[in-house]
Structure formats: C-alpha cells, structure tokens
Amino acid sequence: MDKAKFSVHKREEGTIPEIINIIPLREEVFFPHLISPLSLDDEILVRAIKEAMSKKELIGIVTLRYDVEIPVSADLYNVGTAAKVIEVYESTPNTIKVLIEGVARIRIVEYLQPKPYYKAQVEEIREFAEKTETIDVLIQSVKTLFKLSAMLGKALPKDIISMIDTINNPSTLSDLVAVYLDLSVDEKQKLLEMIEPQKRLRVVFHYLNNEVQLREVRGKINEEVAKEMTKTQREYFLREQLKAIQKELGEEDPYLEELNKLEEKIKEVKMPKEVEEVAMKELERLRNINPVSAEYPVARTYLDYLTSIPWNKKTADTLDIHQAAKILDEDHYGLRKVKERILEFLAVHKLKEKLKGPILCFCGPPGTGKTSLGKSIARAMGRKFIRISLGGIRDEAEIRGHRRTYVGALPGRIMQEICRVGYSNPIFMLDEIDKIGIDFRGDPASALLEVLDPEQNSSFVDHYLDVPFDLSNVLFITTANILDTVHTALRDRMEVIYLPGYSEDEKLKIARQFLIPKQIKENGLENNPVMFHDQAIYKIILDYTREAGLRNLEREIASICRKIAKEIVAHEQVTKEITTEYIEKFLGPRKFFYQVTDEEDRIGVVTGLAWTETGGDIIFIEASQMKGEKELTLTGQLGDVMQESAIAALSYIRSNAKRLGIDENFYDNSEIHIHVPSGAIPKDGPSAGIAMCMALVSLLTRRPARREVALTGEITLTGNVLPIGGIKEKVLAAIRAGVKTIVLPLKNKEDYEETEKEIREKIQCVYIQKIDEALDVVLANKS
C-alpha cells in the first residue's frame, strides 16, 4: 500500500451486505477507517473490483496467512475489513490502482464461490465501548506517546498529528496508531481481531511504549556515534591540513617516515623469506590504518618485535678447549664431571660446525653452584648468558606468549629474552625447573617440551609472533634441586648431571679461593685485608653451618667481614687475623652439635643415613619394647615406604629369631615402638630399612649399637640388602657428623669409589650383601 489517510466520519449501522467479493491482501493488514490506494495486477481481482464499483457494492479485504501463488480459502484469515471503492485508476489493461476506504470489521461465515474470484457470506463485527475514566487516560497516554514517537524521528504523514488530536473514539484511535506501528503481519492481524476497543487500546499502548523506549536508546547511541565521528573527522581533517603544511615546508609526514624506516629495518635484519613476507604484509596493513586507531600501536609493536629478533646474528664461539678449561677452573672448584661435559661439547662443536645444542640439567642441593656454573659456561664459550626463573610459573603463555587477539599481548619469556640479548645462540638457563606450577591457564612444563627438544625446537612458534624461530643454536641449561617433580617427558629430553654436596676440604678450598676474596671486596676491606686461618674456616663449616652447598658459609664469612668493617669505622682495634678464638666472638655460640661423636653406644639406637633436598644428613632410629599384644607402633612422621621397611625388618627378625639368638615368642606378649626423631619433618624412602633392622636386633639381643657406625640400604624379607641412591651426599653427611665407619650395599661400591679420594680417606666403608653381615660391624658385644 502507498500513502494512507484516515476517515473519521461516522457510518450508518447495518449497511454491510451479507455477500461480498473478497480481495486477498499479501503481507499487509487493512484497518477500518483507513483510506489507502491499492495496486492490483491480477486480471481476476481487477474484474472483481470493477464489478463492485459498477454495482456500488462493498468489498472484503482479507489478509493471506501465507504468501502462496494461488491461495485457497484456508490460506485466508477469518477476520478482515469491509471496504468501499472510492475511485479506480487504470494503469494498464491488466493493472489498476484503486483508492479504497475501510468501513468495518467483518468475519467470514462461509466462502460461497471460489472462482473466478472469491465471494463469501460475511457478518459485521459490532464494537461496543463505554466511556470510562480508564479509556480517557489510555486515549491521552496513546496520543502523548504517538507524538513523542514522531519527535524521536518516526516517519509520519504531515497531517496525522493534527488529526490524532480530534479522535476520542478508542476503536478509531487504536486502529489509526496500529497502522503506523512497526509490527509484523501476525501482530497487526491480532489487533484487527480484537473486538473490545479498551483491550485493543491497551495492547497498542504497550507496543507504542516499547517503540518509544527503543527510539530513545537508539537516539542516544546515534548521538554518541555522531560525536565520536565528529571528533575523528576533526582529527582527520587536521592531520590532512598538517600533511599539506609539511609538504609546503618540504617536511615529511612523521608517520610515513616511521613506516619507511620500519621497511628498511625489515630488509636489513635478513629474516627468513616466509617471515619477511608476513612482516611486509603487516606493514602494508599498517599503512592503511589511521595512526589514531587502536589497532595501529598493536600492529606497530608486533613489527618492532619481528625486527628486533636476531634472526641471523650469532656470537662467535671460543672453541679453545684449554682456554675454556682454564676459565671453568677459575670460576669453580671441583665439579669434574660437569666441566668434562662442557669441554666435550666444545670439542664436538669444533669438529662439526652445525651442532644441535644439548639440553643439560644440573641437579643438586641449593648452594652447590648450579646457576653460577651457567655463567661460567657462557664466559668460557664467549656467548651471551640469559637466565629466567621458572619457580612459581603457572601460565603456559609465559613460555609460548599470548595470541595477539588479547589486549596487552606479549611474546613469551623465551623470545623476549632472545630479543633483549640480541643474539640467536646464547646460553639460556631455565632455573628451578622442578618448581613449575600448573593450573587452569595451562601447563608450562608441557609447553617446554617443544623448547627443550633438539628435534623440534628448530621451528619454535611463539603464539604472539606466529612465525617459526630456530632455537637449535641455543644451549639450554636447566637447574633443579630434585627431579621427582619434573614432568616425565621433560626429564627424558634432558641430560642430567648431578652436583652433589661439597666435603669440608672442598669447602675450605672454595672459601679460600672464592668466598673470602669476594666478601673482602664487597665489604670494602681491600685496604685492610683479613687473613682467615684454616682451623677457623673449619670451625665455621662444622659448628655454624650444616649444608651440602655454600650459601650459609658465605653468609657467616660476610658477617665476620661486616664486624671488622665496623671496627675500622669506629676506630677500634682492628682484627687482622681470624683464628678459632675469634669465631665465637663474632658469630656467637655454635649452632650445630654432632651427637655421634659425643654420646656413648646405646641399645636399640642406630645411626642411619638419609638423603634430603639440601644434601645428606644423619638420622637416629630408636626402638623400644614394652608389654602389649603383638603391636608395632611407628612414629616420627614416616611415609608409607618407610613404614613398610619397618614391617619388613620386623618380619625378617621374627622369621630368623632362633638363628639371631632371639626368643622366638618375643612378639607374643610385647609391643614394639620404632621412633625417628625430628618428628616435625616428613621422612620416607626405603634406605632406612637396614638401620631399622639393626635397631630391632640391638633391642632384642641387648647388644649396644656402635654410635660411630652409620648404615644405609634397602632390605628384603629374604635378608638381602639392595642398593640405594645419594651415596656421596650420605657419605659427606657421615663425615660431618663424625662417623668413623659406614655400611653400604655391595652394589653401591662403584658409586662410593666415584667420590673423591680425599673424601674416602676420611672414613672406612664396609660393603654387605646380607643383613647378617652387618651384625658384628654395627653391634657391640654385651657388656
């Protein structure tokens, strides 16, 4: 339908004939009182209109339910509008334009003639509306909202607002407003079928209210967009003017100059061909982005990273093995295996130019020089050194980077550090790899699998950069205190080199060569050097530290140096030499005592050896017997494996009681209690099995256990002693505690002989294969 008008004239009741011609209407609903032109191109419908016009009869306008080519009666709604043909305009022989006026609502009673056009029996739908206060309020509200809608931009005919003020009939008003509402055909048809004017007016009010609210929101949004567009356009025009001024002055656009420099840099860094294509494509995209756009700095930062990566920039390796060995010896005392492995790598690298970097893992207690060793390797090879700590990292993006879709996205730590150092073949130390976390943001350890695999890392793809980078030239070194918490697949990719603790003699030499000169320099004592006697250093090592590494030893030496610095500044008598007498004066009472050498042998108390994250240590296994009923009590916060070792030891003794000289019924009326002191510290592992067995034998045979003898080993029910780990750490712990003899499984003989000769000369070692072989070594005769 084209432009519509409304008639507000009253009509005489009972003027609707019973039988009228039906004109189907597509995708529109025709309301009473509406005057509107109607275009028809169907020859049959044209004939129906002309017949009604000639006879001055009304026609029925009924909306189609579905848009079908040839409608049947079922495709038409049951309620329509009776209309009067006002005028017919003939456009072509088969097309006419008709001006019709809606008269009243009608209901189809029955279709009488389907062809050539529909005739139907109809009945008029009478409307009744009492004048009430509610209707008056609704009429005023609908008029107000309708005017407000027009003010908010609704397209309406010019005279419709003035016409609406003259309408006070609820039926006529609701039909008028319904014509101009943005409703679907079904919603308008429901309004046509509503007989009660008040109800229809309420629904129209609801639709109109929603439309007004929507227009208000849309108006606010459009206003904000217009303001923003005005601001952007203003900036654009100002920039264009600035460009014109700069052109007149012979100056170049700073943004264009920046992009040209960026293009030159892309060509200078000699990227791989596929990476250069990505960079140039991104640069072209950057040229088309407005510099004030939020996307501009994102693309600019991305190109900065691409051009700052050292694609082909390497340091020249120092492949002189003798020079490298000299540097390693200067920086670190001992560590023979580690140094040999580095020199082997240099030797192979000298023979073969293209060599995939090995993945080394330094595993050992804190303070044994794992991190500083990485710096020494870099110095020996002439490479740059990078170190990142992985302790506490829980986000996979720390390794692989964030995708650029995220706000504030950055490359991962691997690529960031390589960009920072400026070379593609550094020594890269991943510190504390055993302390990586895992949570909902991903598993960083799994992300490291590609980084630390020489077969895969030649095409490492950072999520942010999204281009491959060759990490095979990087020599990765990882450090860990223990390997139990390291991902199994990650552990498989690394060549593990164990760094055990230092002996007292090694600590003395390290203190002389490295720690004391370092602390003298750091505490400003170069002009007043202090001399430490060997016995004084030994006293610090034995009485004030108990560790596998050197950190606490260095702290105690630093403490002495600070006190001497205070003497100098306070103009007091300056201590020139540090002897054993000065140690207690400067450091206070001794902190550690070695009970093994101080106490006498006791029944049921055996000295065992344990491995901890901080090195080795001694433990005491205590056993006691009391009246009870076949019960074994274990205390000292023992783990499952250690508890099972105690049960195995008791079972072995019960099954061999007669041969061991023990009453075979000892367990019938007694309770055995095994305790391991330091109850606040969790303990676990199978290596205390032999010590627990000896403590029980000592208790049950009443033979005292020698306190200066320490033992370690796993036991079986058949009496075999199996090998265990951490031999060097345990041997050093025994020596520190004043143990004279250690008992080891025979299969650990090679491990023991790998320790330095100086260490082996300080202690006697007895090897055993069977539990019985330890009896006379550990247990003294009855007094």
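Reader: What makes the span of helix 22 agree with its number of residues?

Author: This is a predicted model. Helix 22 covers residues 640-655, which is 16 residues, and at 1.5 Å a residue it should span 22 Å. The end C-alpha atoms are 23 Å apart, so the two values agree. Buried residues in helix 22 are Met642, Ser645, Ala646, Ala648, Ala649, Leu650, Tyr652 and Ile653.

Reader: What makes a set of residues a nonpolar core, and which residues have the most contacts inside the largest one?

Author: The members must be buried nonpolar residues joined through side-chain atoms within 4.5 Å. The largest such core has 55 residues, and Leu306, Ile433, Leu448 and Leu452 have the most contacts inside it. Helix 9 (residues 295-308) gives the largest share of this core, 6 residues. Leaving aside neighbours within four places in sequence, Leu306 is in contact with Met271, Val275, Ala279, Trp311, Leu465 and Val467. A second, separate core of 50 residues includes Ile516, Ile537, Ile578 and Ile583.

Reader: Why is His332 called buried?

Author: The relative accessible area of His332 is 8%, and buried means under 20%, so His332 counts as buried. His332 lies in the loop between helix 10 (321-331) and helix 11 (336-351). Not counting residues up to four places away in sequence, His332 touches Lys339, Gly369, Ser372, Leu373, Ser376 and Phe514.

Reader: What makes the approach of the His332 and Ser376 side chains a polar contact?

Author: The two side chains are joined at 3.2 Å, and the cut-off for such a pair of N or O atoms is within 3.5 Å. A polar atom of the His332 side chain also lies 3.4 Å from the backbone nitrogen of Leu373.

Reader: Why is Ser174 called buried?

Author: Its relative accessible area is 0%, so Ser174 is buried. Ser174 is found in helix 4 (residues 170-180), and its side chain reaches the backbone oxygen of Ser171 at 2.9 Å. Beyond residues up to four places away in sequence, Ser174 touches Arg200, Leu201 and Val204.

Reader: What makes strand 21 and strand 25 partners of strand 24?

Author: Pairing needs at least two bridges. Strand 21 (residues 709-711) is joined to strand 24 by 3 bridges and runs parallel to it; Val709 has Thr741 as its bridge partner. Strand 24 pairs with strand 25 (residues 764-768) over 5 bridges, also in the parallel sense. In strand 25, Cys765 stands opposite Ile742.

Reader: How many disulfides does the structure hold, and how do you know that Cys765 is in none?

Author: The structure holds 0 disulfides. The cysteine sulfur nearest to that of Cys765 belongs to Cys693 and is 19 Å away, whereas a disulfide needs two sulfur atoms within 2.5 Å.

Reader: Why is Cys419 called buried?

Author: Its relative accessibility is 14%, and the limit is under 20%, so Cys419 counts as buried.

Note on methods. Residues numbered from 1 in each chain as written. Predicted model: local features only at pLDDT ≥ 70, side-chain atom pairs only at ≥ 80, totals over all residues. Heavy atoms only, no water. Buried < 20%, exposed > 50% of the residue type's maximum accessible area, 1.4 Å probe, protein only. Helix = DSSP H or I, 4+ residues; strand = E, 2+ residues; numbered from the N terminus. Expected span 1.5 Å × (residues − 1). Contact = heavy atoms within 4.5 Å. Polar contact = N/O pair within 3.5 Å; in protein donor to acceptor, adjacent residues only side chain to side chain.
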